[in-house]
Amino acid sequence: MIYIVEDDINIRQMESYALKNSGYEVAEFGEGKAFLAACLARMPDLAILDIMLPGEDGLQLLRRLRAEPATRRLPVIMVTAKATELDTVRGLDFGADDYITKPFGIMEFISRVKAVLRRAGPEEGGIYRFDGIELDDEKHTVHTDGMPCELTYKEYELLKYLLSNPGIVLSRDKMMDKVWGADYKGESRTVDMHIKTLRQKLGDLGVHIKTVRNVGYKLE
């Protein structure tokens with residue numbers, strides 16, 4: 001999930017459209033108060049903050065995010081029309097993970113988003129969390145709402161791949177290559193069968209694995 005905080009509706013819709021076309025789940029906000037409330041309800045994977053906002057500006061919001069333990073590590077990209085070196089330095093000093101100035105190209109925008117999400121992702125041996133699902137890759141364990149969840153090796157690898165790419169549509173071919181290997185000669189239906197049993201073992205949390213018709217699956 002990516003949160004966009006931008007008061008210019010045209011820019012906000014452009015960013016949202018580009019992200020959705022790239023497979024991300026997006027929520028839009030025109031000011032900071034609603035954005036902060038949404039963070040309490042559901043923590044995003046990335047926040048894109050404009051500096052010039054009504055009420056609290058983007059830098060003030062960033063300082064608040066970095067001051068709270070729950071949001072201290074939330075990846076943030078600052079987006080603004082201000083292009084002076086001082087503004088860039090202030091944003092980075094306040095804890096922004098990246099900084100992009102308007103006008104910008106969509107390809108550059110998406111590349112920056114992917115780069116920040118990639119840097120923010122857990123390293124090998126790390127812990128992956130999504131809602132009540134927790135996968136500890138060092139201990140090779142999975143818990144759902146705090147309870148142990150026993151998975152086969154392939155189910156575990158599928159879940160880790162989904163947790164590594166929240167909100168992104170993963171094709172069956174990609175999942176086959178990642179989990180079974182490029183040399184595997186089986187049918188894509190193998191993925192469907194394993195996803196079905198994985199959902200069942202995750203219980204109520206299995207609803208987060210969404211089917212994308214004629215393409216594959218995504219975690220949202």
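The chain exposes about 12000 Å² of surface, and carbon and sulfur atoms supply 50% of that area. This is a predicted model. The chain has 220 residues, of which 47% count as buried. It contains 8 helices and 12 strands. Taking contacts between residues at least 6 apart in sequence, 54% join residues at least 24 apart.

**Nonpolar cores**

- In soluble globular proteins, nonpolar side chains tend to be buried together.
- The largest nonpolar core here has 44 residues. Those with the most contacts inside this core are Leu 19, Ile 48, Val 113, Leu 159, Met 175, Ile 195 and Leu 198.
- Helix H6, residues 153–164, gives the most to this core, contributing 6 residues.
- Val 113 is in contact with Ile 2, Leu 19, Tyr 24, Leu 46, Ile 48 and Ile 77, leaving aside neighbours within four places in sequence.
- Another core, of 22 residues, lies apart from the largest one. Its members include Cys 39, Leu 49, Leu 65 and Val 76.

**Aromatic pairs**

- The model has 4 aromatic pairs.
- Tyr 3 and Phe 29 have ring centres 5.2 Å apart and planes at 75°, so this pair is edge-to-face.
- Tyr 3 lies in strand S1 (residues 2–5) and Phe 29 in strand S2 (residues 26–29), so that pair links parts of the chain 26 residues apart.
- Both Tyr 3 and Phe 29 are buried.
- Phe 104 and Phe 109 form a stacked pair, with 5.3 Å from centre to centre and 25° between the planes.
- Phe 104 is buried at 13% relative accessibility, and Phe 109 is buried at 1%.
- Tyr 3, Phe 29 and Phe 35 are linked into a cluster by ring pairs.

**Cysteines**

- The structure holds 0 disulfides.
- Cys 39 is buried, with a relative accessible area of 5%.
- Cys 149 is also buried, with a relative accessible area of 8%.

**Helix H7**

- Helix H7 spans residues 172–180, and its buried residues are Arg 172, Met 175, Met 176, Val 179 and Trp 180.
- Seen down the helix axis, the buried residues of H7 fall within an arc of 100°, so they line one face.
- An α-helix has 3.6 residues a turn, so residues three or four places apart point the same way.
- Asp 173 and Lys 178 are exposed on the other side of H7.
- The packing partners of the buried H7 residues are H6, strand S10 (170–171), helix H8 (189–202) and strand S12 (216–219).
- Gly 181 follows H7 and has a positive phi, near 95°.

**Two buried positions**

- Ile 51 sits in the loop between strand S3 (46–50) and helix H3 (58–67). Despite this loop position, Ile 51 is buried, with a relative accessible area of 3%.
- The contacts of Ile 51, leaving aside neighbours within four places in sequence, are Asp 57, Gly 58, Leu 59, Met 78, Val 79, Thr 80 and Tyr 99.
- Ile 51 and Val 5 are 46 residues apart along the chain, and their C-alpha atoms are separated by 9.1 Å.
- Arg 12 is in helix H1, residues 9–21. Its relative accessibility is 13%, under the 20% cut-off, so Arg 12 counts as buried.
- Not counting residues up to four places away in sequence, Arg 12 touches Ile 4, Glu 6, Asp 7, Glu 28, Phe 29 and Gly 30.

**Backbone points to check**

- Most residues other than glycine have a negative phi, and most peptide bonds are trans.
- The peptide bond joining Lys 102 and Pro 103 is cis, with omega about -10°. Pro 103 is in the loop between strand S5 (98–101) and helix H5 (106–120).
- Asp 131 is not a glycine, yet has a positive phi of about 50°. Asp 131 is in the loop between strand S6 (127–130) and strand S7 (133–136), and counts as exposed at 61% relative accessibility.
- Asn 214, also a residue other than glycine, has a positive phi near 65°. Asn 214 lies in the loop between strand S11 (209–212) and S12, and is exposed with a relative accessible area of 73%.

Conventions:
Residues numbered from 1 in each chain as written. Predicted model: local features only at pLDDT ≥ 70, side-chain atom pairs only at ≥ 80, totals over all residues. Heavy atoms only, no water. Phe/Tyr/Trp six-rings, centres within 6.5 Å; stacked < 30°, edge-to-face > 60°. Helix = DSSP H or I, 4+ residues; strand = E, 2+ residues; numbered from the N terminus. Buried < 20%, exposed > 50% of the residue type's maximum accessible area, 1.4 Å probe, protein only. Contact = heavy atoms within 4.5 Å. Areas by Shrake-Rupley, 256 points an atom, 1.4 Å probe, with all protein chains shown as cover. Core = buried A, V, L, I, M, F, W, Y, C linked by side-chain atoms within 4.5 Å. Disulfide = S-S within 2.5 Å. Arc of directions from axis to C-beta.
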